[in-house]
Amino acid sequence: MLDITSKEDVFNAIVDILERDFECSRESLVPDANLFEDLNLDSIDAVDLIVKLKKIAKLDVTPEDFMQIRTLRDTTEVVHRILNNQQN
């Protein structure tokens with residue numbers, strides 16, 4: 001399980017996954033990047049991203065959480081919130 005506490009740590013973990021597994025350029029991985037429009041991910045890629053995050057961070061992502069995700073910032077916020085809720 002990842003030892004992530006800050007939003008910056010979460011963001012960096014997501015960026016690492018997107019760069020390594022989805023071949024996104026690091027320069028394009030900014031907080032406001034839209035996963036679908038800017039990074040050219042499709043719905044299958046988005047599910048795959050969540051699965052990868054679930055594996056490394058033991059996340060319990062609900063469909064409601066998944067529906068909130070559009071940008072890297074959204075992804076970071078949702079993952080950070082879930083991690084903090086699991087620790088409490």
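Start with the charges: select Lys and Arg as positive and Asp and Glu as negative, leaving out His and the chain ends. The chain has 10 positive and 19 negative charges, and their mean positions are 5 Å apart. Each charge is placed at NZ of Lys, CZ of Arg, CG of Asp or CD of Glu.

A word on the ground rules: this is a predicted model, where local features need pLDDT of at least 70 and side-chain atom pairs count only at pLDDT 80 or more, while totals for chains, interfaces and linings use all residues. Residues are numbered from 1 along each chain as its sequence is written, and side-chain values use heavy atoms, without hydrogens or water.

Now switch to cartoon. You'll find 4 helices and 0 strands (DSSP runs: H or I of at least four residues for helices, E of at least two for strands, numbered from the N terminus).

Next, go inside. Select Leu18, Leu39, Leu53, Leu59 and Leu72: they have the most contacts inside the largest nonpolar core, which has 25 residues. Such a core joins buried Ala, Val, Leu, Ile, Met, Phe, Trp, Tyr and Cys residues through side-chain atoms within 4.5 Å; buried means under 20% relative accessible area with a 1.4 Å probe, protein chains only. α1 gives the most, with 6.

Last stop: zoom in on Leu39. Beyond its neighbours within four places in sequence, Leu39 is in contact (heavy atoms within 4.5 Å) with Leu18, Cys24, Ser28, Leu29, Ala33, Asn34 and Leu72.

Technical notes:
Buried means under 20% relative accessible area, exposed over 50%, partly exposed in between (1.4 Å probe, protein chains only).
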